[in-house]
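Please look through the sequence and the model shown below before reading on.

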Amino acid sequence: MLSVLDIFRVGIGPSSSHTVGPMRIGQRFIVALKKRGLLDQTDRVLVELQGSLALTGKGHATPKAVVLGLLGLQPETLDPATADADVARVTQDGRLKLGGTHDIAFDPEADIVFAYDNIPDLHPNAMEMSAFDADGARLFSRTYFSTGGGFIASRRQLERPAKGDLVQAATDARFPFGSAAELLAHCAAENMAVHELIMANEETHRPRAETEAMLDRIGDVMMACIDRGLRTDGVLPGKLRVKRRAPALWRKLVESPNSNEREQLFDWLNVYAMAVNEENAAGGQVVTAPTNGAAGIIPSVIRHYCSGLETGPESGPETGGVKADCTANIRKLLLTAGGIGLLYKQRASISGAEMGCQGEVGVACSMAAGGLAAVWGATPQQVATAAEIGMEHNLGLTCDPVGGLVQIPCIERNAIGSVKAVNAARLALHASEQMHVSLDQVIETMRQTGLDMSTKYKETSQGGLAVNVIEC
């Protein structure tokens with residue numbers, strides 16, 4: 001099976017499908033050229049963005065991601081502070097070092113083509129990559145798909161029967177599951193909590209200590225992202241000129257720490273989620289959870305309920321990080337949430353271009369609800385119930401970013417999703433028996449709803465707020 005560490009991956013903003021995915025596609029294309037001995041013969045590379053990658057690619061920094069990928073940079077390790085300079089240098093010089101070694105002429109304006117009318121059949125996020133020699137002859141061409149959350153696939157991988165994939169994947173896990181029912185059955189048979197069973201599966205990928213270290217790294221990056229967002233004022237990139245709101249809200253909150261206003265709980269969750277998604281919109285380092293567009297929900301819940309950190313950025317990972325006695329709770333939440341995320345990835349999709357925002361913010365809300373319920377001592381059934389409630393009340397949520405930017409309504413939507421996740425966890429803990437709607441049923445409902453949803457509401461900026469709000 002996939003690992004939960006495939007769900008939680010360090011990358012850069014503003015989009016896992018439109019930024020992180022295309023960057024990985026660029027890398028994979030270079031690997032393919034090297035494998036065939038064609039890299040040194042390559043004189044030109046042409047990139048065609050199709051479907052949603054074309055329609056909202058400019059606002060999602062897809063051209064920048066393409067250049068970074070062709071340079072051989074990796075989303076997990078690149079420095080966001082120097083990425084813009086790297087791209088600007090390519091644009092200014094008209095030259096690019098493929099994979100960091102082979103120099104070719106490259107003009108992003110001419111060599112990255114937006115095929116707005118080409119809507120792919122297999123997945124709405126497609127990139128066609130082609131390499132040519134000095135005589136203009138095509139050396140190699142391949143179409144790749146960015147399938148959400150930073151995942152990428154070739155045409156062959158998407159055309160392969162899904163059932164066979166799941167059967168093959170099942171042999172790689174100690175407790176394979178393709179549904180929530182199977183997951184709960186394993187938990188009951190083994191007398192395990194959800195996070196314990198997921199960790200057992202992770203141990204088929206790597207030693208436990210290595211998994212724990214990687215989970216801790218994910219938690220640290222999430223907290224560092226919140227800290228940067230809380231202390232960085234200014235205006236977000238793009239023609240909307242959206243002002244960062246998290247720093248001002250945070251200053252207001254710390255000036256009245258003993259407020260008796262019960263609703264201030266919302267403010268704390270809001271400010272943490274908005275801090276992350278403002279960082280994401282600015283191209284900063286974030287964790288896909290399960291996507292960049294929904295990256296603020298799980299960190300917000302962790303920060304408020306699990307991290308043991310004080311309110312301000314001065315107590316973040318840069319000055320000692322998460323308190324040691326809170327580490328177990330963060331691991332528990334991430335493992336549980338990651339297991340829920342795997343169900344959505346296997347049984348439906350986490351791509352906004354396929355499912356609308358229910359596949360991003362809805363899934364993140366579901367994951368956070370289940371993870372927080374686990375931290376609060378929920379049974380496996382209550383964890384599943386929390387996850388179900390989190391999704392049930394996000395069904396039909398559209399993806400209609402104004403101006404193609406991951407700002408309106410995305411930033412506030414993460415804040416709302418954080419509050420909703422906590423409420424879902426609370427409702428599940430008060431449930432004394434299995435609810436009428438199962439997690440499997442709500443995942444299938446989300447999938448069907450996504451398939452029925454008009455394409456103009458699925459990350460194309462052709463409907464909803466995107467056409468009813470003046471961009472500038």
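Is Arg206 buried or exposed? The model is a predicted one, and in it Arg206 has a relative accessibility of 13%. Arg206 is therefore counted as buried, because the term covers residues under 20% relative accessible area.

**Salt bridges**

The partner of Arg206 is Glu202: the two residues form a salt bridge in which the closest N and O atoms are 2.7 Å apart. Glu202 is buried as well, at 2% relative accessibility. Side chains of opposite charge can pair when their charged atoms come close.

The whole structure holds 18 salt bridges according to the search.

| Salt bridge | Closest N and O atoms |
|---|---|
| Arg206 and Glu202 | 2.7 Å |
| Asp216 and Arg331 | 2.8 Å |
| Asp84 and Lys64 | 2.9 Å |

Asp216 and Arg331 form a salt bridge that links distant parts of the chain, 115 residues apart. Asp216 belongs to helix α11 (residues 208–231), while Arg331 belongs to helix α15 (residues 327–347). Asp216 is partly exposed, with a relative accessibility of 24%. Arg331 is also partly exposed, at 22%.

Asp84 and Lys64 form a further salt bridge. Because Asp84 lies in helix α5 (residues 80–93) and Lys64 in helix α4 (residues 62–70), this pair ties together parts that are 20 residues apart in sequence. The cover of the two residues can be compared by value: Asp84 is partly exposed at 48% relative accessibility, whereas Lys64 is buried, with a relative accessible area of 17%.

Salt bridges also join Asp121, Arg155 and Glu159 into a network.

**Domains and their interface**

How is the chain divided into domains? The domain assignment gives domain 1 (16–159) and domain 2 (180–457). To the contact, domain 1 contributes 15 residues and domain 2 contributes 18 residues. The centres of domain 1 and domain 2, taken over C-alpha atoms, are separated by 30 Å.

Between them, domain 1 and domain 2 bury about 1200 Å², and 57% of this area is on carbon and sulfur atoms. How many salt bridges cross the interface of domain 1 and domain 2? The rule finds 0 salt bridges there.

**A buried leucine**

Leu183 is part of helix α9 (residues 180–190). The relative accessible area of Leu183 is 5%, so this residue is buried. Which residues does Leu183 touch, not counting residues up to four places away in sequence? The contacts of Leu183 are with Phe177, Val194, Leu197, Ile198 and Leu343. As for Gly296, 113 residues separate this residue from Leu183 in sequence, and the C-alpha to C-alpha distance in space is 26 Å.

Ile408, Leu465 and Val469 make a nonpolar surface patch of about 190 Å². Ile408 is placed in the loop between α18 (380–392) and α19 (410–429).

Note on methods: Residues numbered from 1 in each chain as written. Predicted model: local features only at pLDDT ≥ 70, side-chain atom pairs only at ≥ 80, totals over all residues. Heavy atoms only, no water. Patch = residues over 30% accessible without salt bridge, like charges linked within 9 Å, V, L, I, M, F, W, Y side chains within 5 Å. Areas by Shrake-Rupley, 256 points an atom, 1.4 Å probe, with all protein chains shown as cover. Salt bridge = Lys/Arg side-chain N within 4 Å of Asp/Glu carboxyl O. Helix = DSSP H or I, 4+ residues; strand = E, 2+ residues; numbered from the N terminus. Domains from an automatic or database assignment. Contact = heavy atoms within 4.5 Å. Buried area = accessible area lost by both parts, 1.4 Å probe. Buried < 20%, exposed > 50% of the residue type's maximum accessible area, 1.4 Å probe, protein only.
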